[in-house]
Amino acid sequence: MPHDHAHMEPKEGDRRVAIAIWANGLLTLAQIVGGILSGSLALIADAIHNFSDMASLVIAFGARKIARRPADAKMTFGYGRVEIVAALINYTSLIIIGLYLVYEGAMRFVDPPEVAGWTVVILGSVALFIDTLTAWLTYSMQKGSVNIRALFLHNLSDALASVAVIVGGVLILLYDVRWVDPAITIGIAAYILWLAFSEIGGPIRTLMLGSPPDIDTDKVIAAVEDVDGVEEVHHAHFWQMQEHRAALDTHVVIAEDRWDDLENIKTAIKSRLDEEFGIDHSTLEFERSATKHRDADRYGHG
């Protein structure tokens, strides 16, 4: 599973995330104050979403730092998976926020309050600028990191939510349509929930040691079994050590008359795994044909 991502120096990436943290922090404060003064739940909803973005940025910033630590005795695979954990936290927070906003929006439908339209439009416009800036800062970084992708989608959804808030403010100014504010709130929440549920599966799959989604495991095993001298492959385990690094742990049965050629067979297997499937980490346990595990499952421990 070879990957080709635009390269960016870690310090440059950290600087972009730091700028985004400060921008979202100031925006959140302004929107909360403005939402309270104007009586707009949609503005407060956008502020809460922006606050979650700031928290997500802080988590991602820390995760990026930790992920660069080398492997040690306590974490022999290294710290790269911390970015997967950060992405899961961020998507989970989106789901919680989305459900809360649906509830609050539904309650406001019963008795829509008066909303100051100009405050909503002005702060919504400021939010749109900050959200667009943050999305731009993280766009090139999100292509190679599920952690930063979670942030990018956070901010992209925020930008769209800000557009909805501005439209709502304009409708309130022109027609005094009070129900539009909770309606937009629920619309923002629905989009947040759709976004989170559609993306959260990836981090969960990785943390559950699922097989890399872009690798055909049957094809990999067939390729190994096609190596001269290999009779069978069983007890195969595929997983992702880190976001872009696939691994394989398996038993390989060698023909009895080829046992003396084991080193060459092993080299051929590892080369094929790396060149054809991008699997550069493999742990192979070799068995003689005469003493192999009988009735062993192809996958897992059975």
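The legends below describe close-up views of a predicted model. Residues are numbered from 1 along each chain as its sequence is written, and side-chain values use heavy atoms, with hydrogens and water left out. Because the model is predicted, local features need pLDDT of at least 70 and side-chain atom pairs count only at pLDDT 80 or more, while totals for chains, interfaces and linings use all residues.

**View 1. The chain as a whole.** The secondary structure comes to nine helices and three strands, taken as DSSP runs numbered from the N terminus (helices H or I, at least four residues; strands E, at least two). Along the sequence the pattern reads α-α-α-α-α-α-α-α-β-β-α-β. Of the 302 residues, 46% count as buried (buried means under 20% relative accessible area, exposed over 50%, partly exposed in between, with a 1.4 Å probe and protein chains only). Contacts are heavy atoms within 4.5 Å. Among contacts in the chain with a separation of 6 or more, 77% are between residues 24 or more positions apart.

View 2. The 16 residues of α9 should span 22 Å at 1.5 Å a residue, and its end C-alpha atoms are 22 Å apart, which agrees (the expected span is 1.5 Å times one less than the number of residues). Its buried residues are L262, I265, I269, L273 and F277. They cover an arc of only 70° around the axis, which puts them on the same side of α9; the arc is that of the directions from the helix axis to the C-beta atoms. An α-helix has 3.6 residues a turn, so residues three or four places apart point the same way. The cover over the buried residues of α9 includes α8 (217-225), β1, β2 and β3. N264 and E275 are exposed on the face turned away from the buried side. Just after α9, G278 has a positive phi of about 70°.

View 3. Neighbours within four places in sequence aside, R258 is in contact with D228, G229 and I265.

**View 4. The aromatic pair F238 and Y299.** Rings of Phe, Tyr and Trp (its six-membered ring) pair if their centres lie within 6.5 Å; planes under 30 degrees apart count as stacked, over 60 as edge-to-face and the rest as tilted. By this rule there are two aromatic pairs. In one of them, F238 and Y299 have ring centres 6.5 Å apart and planes at 55°, so the pair is tilted. F238 lies in strand β1 (residues 230-242) and Y299 in the segment after β3 (281-288), so the pair ties together parts that are 61 residues apart in sequence. F238 is buried at 6% relative accessibility, whereas Y299 is partly exposed at 34%.

**View 5. R69 over the ring of Y79.** R69 lies over the face of Y79, 5.5 Å from the ring centre. A charge sits over a ring if NZ of Lys or CZ of Arg is within 6 Å of the ring centre and within 35 degrees of the ring normal.
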